[in-house]
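Subject: A structure for you to look at

Hello,

Here is the structure I promised to pass on. Please open it next to this email, and I will walk you through what I found.

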Amino acid sequence: MFEKVLIANRGEIALRIHRACHEMGISTVAVHSTADADAMHVRLADESVCIGPPPSNKSYLNIPAILSSATLTGADAIHPGVGFLSENARFAEMVEEHGLSFIGPSSEHIAMMGDKVQAKVAAKELGLPVVPGSEGAVTSFEEARAIAEDAGYPVLIKAAAGGGGRGMKVAKDESELENAYRMARNEAKSAFGNDEVYLEKYLQKPRHIEVQILADGKGGAVHMGERDCSLQRRHQKVLEEALSPALNAEERHRIGETARQAILKMGYHSAGTLEFLYEDGEFFFIEMNTRLQVEHPISEAITGIDLVREQIRVAAGHTLPFAQEDITFSGHAVECRINAEHPRTFAPSPGLIKEYHPPGGLGVRVDSAIFGGYKVPPHYDSLIAKLIVHGQTRNECLMRLRRALEEMVIEGIETTLPLHRELVNDPDFINGDYDIHWLEHWMGERG
């Protein structure tokens with residue numbers, strides 16, 4: 001097992017990884033920007049190294065500084081966390097070249113799934129269902145028109161290197177296609193430096209269903225059930241739940257086993273997530289995230305498995321200590337993402353937290369690195385806390401969640417707590433009756 005792990009990240013996820021390491025008897029090294037000198041992950045780590053000024057490209061994305069810090073402190077592995085370098089194939093490769101272990105999948109698998117066109121081709125070869133559309137990148141408008149006619153309107157044009165909804169355009173019919181195609185390419189070029197796009201049928205009211213997987217690359221592979229991440233704003237997840245209220249037992253088994261067989265064929269190791277759109281009983285693969293996900297705690301809540309611990313064990317060469325038949329799904333879990341943003345306009349709200357009170361009690365978990373007196377810096381992602389609640393049934397979970405949201409106090413800055421308090425009392429949400437467009441309509445009605 002590793003003796004010392006460098007955590008190449010910040011905030012709640014850095015703290016989450018630190019906690020798993022310490023429970024396993026592993027020392028930690030925190031790297032941080034000058035803006036995070038007093039951050040909780042820096043305070044709790046065994047060692048810390050300042051790697052640069054606040055801008056991410058000069059600190060948390062500074063590969064030479066991170067590798068130098070690992071070498072200087074004698075770390076034998078690096079955990080990239082979520083975001084930043086977690087899906088950077090070159091970084092994973094360089095970590096290995098420096099004689100360190102990368103706590104994640106191989107650089108080949110990161111590269112393969114990082115390119116959405118390549119990932120879709122690979123998914124078909126692995127037996128995963130995909131949305132009808134182009135086989136690969138679309139290189140001309142004429143080609144786009146032919147594929148759209150074949151798939152049927154409306155269609156979605158997506159950036160091959162995209163993410164977060166950027167480089168995505170919908171064409172309802174042929175008259176809108178040319179403009180959508182050119183806009184998607186321009187946006188993709190601007191956002192990602194790559195104007196490659198692909199095209200697929202646009203589903204009208206799908207749900208976003210993702211399957212958490214875990215594999216050791218030695219024949220051990222499990223799925224940990226699905227998460228329903230359909231409540232999104234501008235393609236950013238707001239609230240997730242596990243298991244999905246939309247699936248029945250047969251559908252759950254079918255998509256879970258399909259995902260498990262796919263990663264076995266890949267020879268994948270580490271944690272990962274296969275994301276699907278689900279509509280009218282059918283699943284369509286959209287992408288694979290080759291890293292830990294922000295919403296991983298709800299899968300932990302319903303399975304009792306520590307995903308970060310297993311990630312570390314697998315990276316150290318161990319096999320999974322359980323098989324699929326050992327995993328049981330217990331109860332229901334919901335995660336609310338609490339952001340430092342205005343609850344209506346979503347304008348960022350960095351600043352001093354004057355008072356902080358996390359909720360507690362049975363089935364309540366808060367993953368956060370904030371504290372009273374902490375100053376939320378303006379330089380990074382606005383996620384400041386995750387409230388995770390578990391109950392024996394979905395109804396019990398929602399009752400507990402409402403109570404936990406009432407208890408939670410974050411004063412001094414604007415947060416999305418009021419949004420969640422309102423959302424969890426909406427009849428459609430209570431009935432589990434929503435799709436990926438529902439939240440934006442719901443918010444639009446409230447002005």
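Which helices and strands each supply at least two residues of the lining of the second largest pocket? They are helix H4 (89-97), strand E5 (101-102), helix H5 (107-114) and helix H11 (307-315).

Before going further, a word on the source. This is a predicted model, in which local features need pLDDT of at least 70 and side-chain atom pairs count only at pLDDT 80 or more, while totals for chains, interfaces and linings use all residues. Residues are numbered from 1 along each chain as its sequence is written, and side-chain values use heavy atoms, with hydrogens and water left out. Helices (H or I, at least four residues) and strands (E, at least two) are DSSP runs, numbered from the N terminus.

**The pocket**

**Serine 86**

You will find serine 86 in the loop between strand E4 (77-79) and H4. Serine 86 counts as buried because its relative accessible area is 3% (buried means under 20%, exposed over 50%, partly exposed in between, with a 1.4 Å probe and protein chains only). Leaving aside neighbours within four places in sequence, serine 86 is in contact (heavy atoms within 4.5 Å) with Pro80, Gly81, Phe102, Ile110, Thr290 and Arg291.

**The strands**

Two strands pair if DSSP finds at least two bridges between them. An open sheet of 5 strands runs in the order E3-E2-E1-E4-E5, with parallel pairing. Its edge strands, strand E3 (47-52) and E5, each pair on one side only. Within this sheet, strand E1 (residues 4-7) and strand E2 (residues 27-33) are joined by 4 bridges, and valine 5 has threonine 28 in E2 as its bridge partner.

Elsewhere, strand E12 (residues 269-279) and E13 run antiparallel, joined by 7 bridges. Threonine 273 stands opposite asparagine 289 in E13. The two strands form a hairpin with 2 residues between them, and aspartate 280 in the turn has a positive phi of about 50 degrees. In strand E13 (residues 282-289), 6 of the 8 residues are buried.

**The cores**

A nonpolar core is a set of buried Ala, Val, Leu, Ile, Met, Phe, Trp, Tyr and Cys residues joined through side-chain atoms within 4.5 Å. The largest has 40 residues, and Leu387, Leu401 and Ile410 touch the most other members. Helix H12 (394-407) is one of the elements that each supply at least two residues of this core, and H12 gives the most, with 5 residues. A second, separate core has 28 residues, including Phe2, Ala271, Val294 and Leu307.

Enjoy exploring!
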